[in-house]
Amino acid sequence: MHKLGRVALWVCQAALALMFLGAGGAKFVRPMWQRMFERWGYPDHFYLIVGAVEVAAGLALLVPRLASPASLVLIVIMIGAGATHAMHGEQQRLPQILVMSLLLGAVAYGRWSQARWPKIRR
């Protein structure tokens, strides 16, 4: 990868990490998240699970060997967020979710060769 590509990848990872650390952390301290998840029909405290995954994966985005798997986990979270917003008539959030998912896909692809994948024994 060229130097410019590496820099762009790091900038993307850092921006996504900050975004997910902020969004995930907010789920622990802002009561609106509990109300929103209740309105959407999710079980009690599910917002805390989503927040914990966002924080953990956001931190993992900053570790090159973990960035690819973390990106894939966050893409799953974004698919769930997109489906939730679409089902509840909140389509204005979908472009933002799509852009974040595409950036996460770029990170997953860019860090794929460095990823630490578990070895599966037969």
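User: Which helix gives the most to the lining of the largest cavity?
Analyst: Helix α2 (residues 32-40), with three residues. Helices here are DSSP runs of H or I, at least four residues, numbered from the N terminus. Keep in mind that this is a predicted model, where local features need pLDDT of at least 70, side-chain atom pairs count only at pLDDT 80 or more, and totals for chains, interfaces and linings use all residues. Residues are numbered from 1 along each chain as its sequence is written, and side-chain values use heavy atoms, with hydrogens and water left out.

User: OK, and which residues line the largest cavity?
Analyst: Q34, F37, E38, Y42, P43, D44, H45 and Y47. A cavity is a set of points on a 1 Å grid over the protein atoms alone where a 1.4 Å probe fits but cannot get out, and lining residues have an atom within 4 Å of a point.

User: Switching to rings: how many aromatic pairs are there?
Analyst: The search of the whole structure turns up six. F37 and Y47 are tilted, because their centres are 6.2 Å apart and their planes at 55°. Rings of Phe, Tyr and Trp (its six-membered ring) pair if their centres lie within 6.5 Å; planes under 30 degrees apart are stacked, over 60 edge-to-face, the rest tilted.

User: Where do F37 and Y47 sit in the chain?
Analyst: F37 is in helix α2 and Y47 in helix α3 (residues 46-60), 10 residues apart, so the pair links distant parts of the chain.

User: Which residues do the ring pairs link into a cluster?
Analyst: W33, F37, W40, Y42, F46 and Y47.

Terms used:
1 Å grid on protein atoms, 1.4 Å probe; cavity = no way out; pocket = protein on both sides within 12 Å on 5 of 7 lines; lining within 4 Å. Helix = DSSP H or I, 4+ residues; strand = E, 2+ residues; numbered from the N terminus.
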